[in-house]
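Student: I've got a new model to go through. Walk me through it, please, and keep it quick.

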Amino acid sequence: MDNCKLCPEDEWSDQKNVACLKKPIDILLFQEPLGTLLTSLIIMLHVFSLTILLIFIKYRETPIVKANNRNLSYIILISLMLSFLCCLLYIGNPIKLTCLLQNTSFNLLFTITVSSVLAKTITVLIAFNVTKPKSRFKMLLKNKYSHMFNAFCFTGEFSICLYWIILYPPYPAQDAVSKPGILILYCNVGSHVLFYLALGYNSFLALLCFLVAFFAKKLPDRFNEARHITFSMLVFCSVWISFIPAYISTKGKYMTAVQVFAILASSTGLLGFIFLPKCLIILFRAEFNVKESLYISS
């Protein structure tokens, strides 16, 4: 007792209190069941989104692909593919590079995705509501204005992430307090204010997209683009609203799993509601993939 000393933070005393032992590490690894399951799901969804992209490219001259803005569809699908892959950054031992890329990459990719969906929705709304041939609003249907809108939205999120990385960069950290006897390795976000600000920016774009799509959901479009976008944004917003309390209430690898699941669920909602119905029509209902069907109410 006269020679008592404290064990280091990453170690704890044995049962006899005569030696310090390394604490078990709590981290989401690729080789453990949960990590393997999430990795398999990530790869499957990535391949699924790639398949849809190849279908859209192969049938790019068909009416249903043309009517839904091919360029924006390609941008959305590519950003969704990358969003699935960025989930791999959350699995494994955290290092400085992965910590820097984790939240910034998925926030920037989500901004591209959601702003492109919003641009598609606004395009549909204008196309069906502006009837004057020489209306100034018709100019907004051109692709360059959609890309300008995307660039404007992306600049806002990029500014937040750049400020975040420069002043409060995320870094690898360890927590020896939350779970007694267990050492948690994780990526500290650096600034929770900027973390929620970046997430809130995407949530605002998603909410705006939901409102625009909701008002446009009754337009006479056989493929109900606006209606599908409404449901996809509803799923997107629901996932991230439920994510916050789940993220705060969990620790260790389960907190990481919650974040990965939120990214996968919200991305899958966009992929499933917006693109899957069109793929089914392209592959199995070719009789509806004609120009005359686009303006018949379903």
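Tutor: First, a term: a residue is buried under 20% relative accessible area, exposed over 50%, and partly exposed in between (1.4 Å probe, protein chains only). This is a predicted model, where local features need pLDDT of at least 70 and side-chain atom pairs need 80 or more, while totals for chains, interfaces and linings use all residues. Residues count from 1 along each chain as its sequence is written, and side-chain values use heavy atoms, without hydrogens or water.

Student: Which class does L167 fall in, then?

Tutor: L167 counts as partly exposed, because its relative accessibility is 46%. L167 sits in helix α5, which covers residues 143–167.

Student: And what share of the protein is buried?

Tutor: The protein has 298 residues, and 46% of them count as buried.

Student: How many helices and strands are there?

Tutor: There are 8 helices and 5 strands. Both are DSSP runs numbered from the N terminus: helices are H or I with at least four residues, strands E with at least two.

Student: What order do they come in?

Tutor: Along the sequence, the pattern reads β-β-β-α-α-α-α-α-β-β-α-α-α.

Student: New topic. How many salt bridges turn up?

Tutor: The search of the whole structure gives 2 salt bridges. Each needs a side-chain nitrogen of Lys or Arg within 4 Å of a carboxyl oxygen of Asp or Glu. In one of them, K253 meets E32 with 3.0 Å from N to O.

Student: Where do K253 and E32 sit in the chain?

Tutor: K253 is in helix α8, and E32 is in the loop between β3 and α1. The two are 221 residues apart, so this pair links distant parts of the chain.

Student: Is K253 buried or exposed?

Tutor: K253 counts as buried, because its relative accessibility is 19%. E32 is buried too, with a relative accessible area of 15%.

Student: What about the pair with R70?

Tutor: R70 forms a salt bridge with E61, and the closest N and O atoms are 3.3 Å apart. R70 has 28% relative accessibility, so R70 counts as partly exposed.

Student: How far is L29 from G92?

Tutor: In sequence, L29 and G92 are 63 residues apart. In space, their C-alpha atoms are 4.5 Å apart.

Student: And S191, where is that?

Tutor: S191 is in the loop between β5 and α6 (192–215). S191 counts as buried, because its relative accessibility is 11%. From S191 to P170 is 21 residues along the chain, and 7.7 Å between C-alpha atoms.

Student: Last topic: how many cavities does the search find?

Tutor: The whole structure has 1 cavity of 30 Å³ or more. A cavity is a set of points on a 1 Å grid over the protein atoms alone where a 1.4 Å probe fits but cannot get out, and lining residues have an atom within 4 Å of a point.

Student: What volume does the largest cavity have?

Tutor: The volume is about 250 Å³, counted as the space filled by probe spheres set on the points, which are joined across faces, edges and corners.

Student: Which residues lie nearest its centre?

Tutor: The largest cavity is lined by 23 residues, and Y90, Q102, Y186, C187 and T256 lie nearest its centre.

Student: Which elements supply the lining of the largest cavity?

Tutor: Among them are α4 (96–129), β5 (183–188) and α8 (253–284), each with at least two residues.

Technical notes:
1 Å grid on protein atoms, 1.4 Å probe; cavity = no way out; pocket = protein on both sides within 12 Å on 5 of 7 lines; lining within 4 Å.
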